[in-house]
Amino acid sequence: MTRGKGEIVFDHNHDGVDRRGFLKCMAWAGTGAFCVMKGGVLNSYSLSRIADLAPAQMKGELSFAQISDSHMGFNKPANTDVAGTLKAAVDKINALPTAPEFLLHTGDISHLAKPEEFDNVEQILRSAKSKDVFYVPGEHDVIGDDGKGYLERYGKRSKGSGWYSFDKKGVHFVGLVNVMNLKAGGLGSLGTDQLEWLEDDVKPLSASTPIVVFAHIPLWSVYPEWGWGTEDSAQALGYLKKFGSVTVLNGHIHQTMQKVEGNVTFHTAASTAFPQPEPGKAESPGPMKVPAEQLRSLLGITDVNVEQGKEALAIVDSKLG
Amino acid sequence: MNLKHRYLATVVLLAAGGTAMTSATSLFSRRGPGGDAKSEVKIDNFTFAPGEITVAKGTTVNWVNRDDIPHTVVSDDKTTFKSKPLDTDDKFSYTFSKEGTYTYFCSIHPKMTAKVVVK
């Protein structure tokens, strides 16, 4: 595998873990994932490297793209044009030789859960060739009204506070909500009702079914000091132990980070809006101001690709601009 | 800067810091002309500051968000007081009419916790 500048590629074919890169933080590049599923294994390609790929590498039974943390309505110096950077992400997706079947948005669609913010994102995403968009809420999408506005808009095919699952070409997708009913001092939370639903949801599936779980706050402990984790994620992952291929896609931390643990590969996507500091590298996780000419290079789109018959999940991230 | 100057500068800074802290403390518990105490908590860098304040019964505590990310001010029981989302420079206030210790947090960044002690 190649390891380009600003990219992390895990080669865990040998023992499941690249020890050196077990947990690596790759600053800002990448905001989503172009995912190609080939018989149940996910591969990922950087959009910026699409031109280098053989057409065969781009093809599978299923492809989708992940975008995250568009924070529509944010207008502080870290990025005064979040609509523009979201559009740039959509342009990159549209430039793919084959349009992804659908888009996943892993939350913080809006900055303040205002109807016009959601409207703006929907309008921008309408310009994507991929027409179907699956959402999960971020904490900014449920701020102030406990998710009422979010659910009215996006909750039609969901249960509880917005969780749901669907199947596409043999892959089982699960959208989870871990931004509701947060407790003082706590982390992201799924809650008993959702956990019970998840257990029932995956019970009838065969162990060979590829599983893709997506939620806003990371379902692994990235940096609890900043609230970057989910308190009951271990229980959720416990229900997924029998499956051979599990991919977990998150947003929230505005940077890409990956971890491989047994059958599960975790991946956080960057934001289309603004970067946040590496864990513990700043006083707080607030937006990072970077020079304007650098901003677009720090925001991007990630491709993920699934390929059958291989143990590895490779995720490579690309930059905007 | 030579070593001696640096030492002097440190002493001056420490002294200035001490003065600032003293005046800030008095600001946080000053009494208004009508006898009502007022108190301010600043939200910045994902932190409530001061993280703990002690006020007299009847005090109105004002929170102001100086962060470039929205926050909320919500009592741990989520019912005693609950602000709307506070965007940059937005304010929230609550008057504490009963004695007690009130712990609160930001409901979207729950690692942000603080308390108001009312005596």
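Predicted model: local features only at pLDDT ≥ 70, side-chain atom pairs only at ≥ 80, totals over all residues.
Start by selecting chain A. Seven helices and 14 strands are assigned to chain A. Colour its 321 residues by burial: 53% of them are buried. Of the chain A contacts between residues at least 6 apart in sequence, 74% join residues at least 24 apart.

Next, select residues 82-94 of chain A, which form helix H2. Now show the side chains of H2(A). Which residues of H2(A) are buried? They are A:Val82, A:Ala83, A:Thr85, A:Leu86, A:Ala89, A:Val90, A:Lys92 and A:Ile93.

Then bring chain B into view and select the contact between the chains. Chain A contributes 18 residues and chain B contributes 19 residues. On the chain A side, seven residues are nonpolar, seven are polar and four are charged.

Finally, hide chain A and turn to the sheet in chain B. Four strands make up this open sheet, in the order S3-S8-S7-S5, with mixed pairing. Select S3 (52-55) and S5 (74-75) of chain B: these strands stand at the edges. Each has a single partner strand, so one side of each has no neighbour in the sheet.

To see a bridge pair, pick B:Ser75 and its partner in S7(B), B:Tyr104.

Terms used: Residues numbered from 1 in each chain as written. Chains lettered and ligands numbered in written order. Contact = placed C-beta atoms within 7 Å. Nonpolar A, V, L, I, M, F, W, Y, C, P; charged D, E, K, R; others polar. Helix = DSSP H or I, 4+ residues; strand = E, 2+ residues; numbered from the N terminus. Expected span 1.5 Å × (residues − 1). Buried ≥ 20, exposed ≤ 12 C-beta atoms within 10 Å, placed from the backbone. Pairing = 2+ DSSP bridges.
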